[in-house]
Amino acid sequence: MRKKYGKICSAVGTILILIVILLCSLLVLPELFGYHMYHVLSGSMEPKMPVGSLIYVQEGAPEEAEAEDIIAFYSSLEDAGIITHRVVENNIVSGTFKTKGDANEKEDPLPAAYDAYIGKVIWIVPWMGKVLTCMTSVYGKIAAACVVVLGAALNFMGGRQK
């Protein structure tokens with residue numbers, strides 16, 4: 001019975017540590033390869049990008065963006081932040097994009113300038129934006145550290161039960 005308890009403790013401890021490592025990897029590794037991560041806050045691109053999704057954006061030349069690509073760009077409006085919408089038209093001559101959110105009836109009223117371009121959306125992970133945003137907060141970091149400590153303690157206890 002003690003051996004079985006020890007194996008269960010070790011397995012649970014290892015799983016907890018691996019979960020934290022996996023979640024942290026989703027935050028760190030993409031940055032090493034030139035991807036930016038953003039948390040989707042509005043429903044303008046639903047159902048393709050549900051609110052709460054995590055998106056990975058790869059930098060690139062704005063001239064290379066094509067119609068139907070989803071791009072991220074800085075809003076020209078005060079305090080509007082970053083927008084991710086689909087390219088309707090890439091006007092290389094004027095250096096602007098016509099864009100539209102999938103859930104919006106009309107195109108965006110103002111074109112997005114090339115100098116506001118961040119990059120092309122490469123990967124969408126529904127609902128993970130909320131989890132990773134929580135993990136980057138002070139409370140999330142404390143919780144992640146507690147889970148790792150708990151996992152290490154369970155591994156230690158499991159090892160002592162052999």
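This is a predicted model: local features need pLDDT of at least 70, side-chain atom pairs count only at pLDDT 80 or more; totals for chains, interfaces and linings use all residues.
**Note on the sheet, its contacts and its salt bridges**

1. Leu110 has a relative accessible area of 45% and is therefore partly exposed, where buried means under 20% relative accessible area, exposed over 50%, and partly exposed in between (1.4 Å probe, protein chains only). Leu110 is found in the loop between β5 and β6; strands (E, at least two residues) and helices (H or I, at least four residues) are DSSP runs, numbered from the N terminus. Setting aside neighbours within four places in sequence, Leu110 is in contact with Ser76 and Leu77, contact meaning heavy atoms within 4.5 Å. The C-alpha atoms of Leu110 and Lys98 are separated by 7.7 Å, the two residues being twelve apart along the chain.

2. Residues are numbered from 1 along each chain as its sequence is written, and side-chain values use heavy atoms, with hydrogens and water left out.

3. The strands come next. Seven of them form an open sheet with antiparallel pairing, in the order β1-β2-β7-β3-β4-β5-β6, two strands being paired if DSSP finds at least two bridges between them. The edge strands, each of which pairs on one side only, are β1 (35-39) and β6 (112-113).

4. Within this sheet, strand β3 (residues 70-74) and strand β4 (residues 82-91) run antiparallel and are joined by five bridges, and Phe73 has Ile83 as its bridge partner in β4. Five bridges also pair β4 with β5 in the antiparallel sense, with Asn90 standing opposite Phe97 in β5. The strands β4 and β5 form a hairpin that has four residues between them, and in the turn Gly95 has a positive phi of about 70°.

5. Strand β5 pairs in turn with β6, again in the antiparallel sense, over two bridges. Thr96, which is placed in strand β5, has Ala113 as its bridge partner in β6. Thr96 counts as buried because its relative accessibility is 19%. The side chains of Thr96 and Ser94 make a polar contact of 2.7 Å; such a contact is a pair of N or O atoms within 3.5 Å, where within protein one must be able to donate a hydrogen and the other to accept it, and residues adjacent in sequence count only if both atoms are side-chain atoms. Beyond four places in sequence, the residues in contact with Thr96 include Glu89, Asn90, Pro111 and Tyr114.

6. Thr99 also deserves attention in strand β5 (residues 96-100), and it counts as buried because its relative accessibility is 1%. The side chains of Thr99 and Asp108 are joined by a polar contact of 2.4 Å. Not counting residues up to four places away in sequence, Thr99 touches several others, among them Ile71, Phe73, His85, Arg86 and Glu107.

7. How many salt bridges does the structure hold? There are three salt bridges, each defined as a side-chain nitrogen of Lys or Arg within 4 Å of a carboxyl oxygen of Asp or Glu. One of them joins Lys120 and Asp69, whose closest N and O atoms are 3.6 Å apart. This pair links distant parts of the chain, since Lys120 lies in strand β7 (residues 117-125) and Asp69 in the loop between β2 (54-58) and β3, 51 residues apart. At 33% relative accessibility Lys120 counts as partly exposed, whereas Asp69, at 12%, counts as buried.

8. Another salt bridge brings together the side chains of Asp102 and Arg86 (2.8 Å, N to O). Asp102 lies in the loop between β5 and β6 and Arg86 in strand β4, so this pair ties together parts that are 16 residues apart in sequence. Arg86 is buried, with a relative accessible area of 16%, while Asp102, at 30%, is partly exposed.

9. Lys98 and Glu89 also form a salt bridge, with their closest N and O atoms 3.7 Å apart. Lys98 is partly exposed, with a relative accessible area of 41%, and Glu89 likewise counts as partly exposed at 34% relative accessibility.
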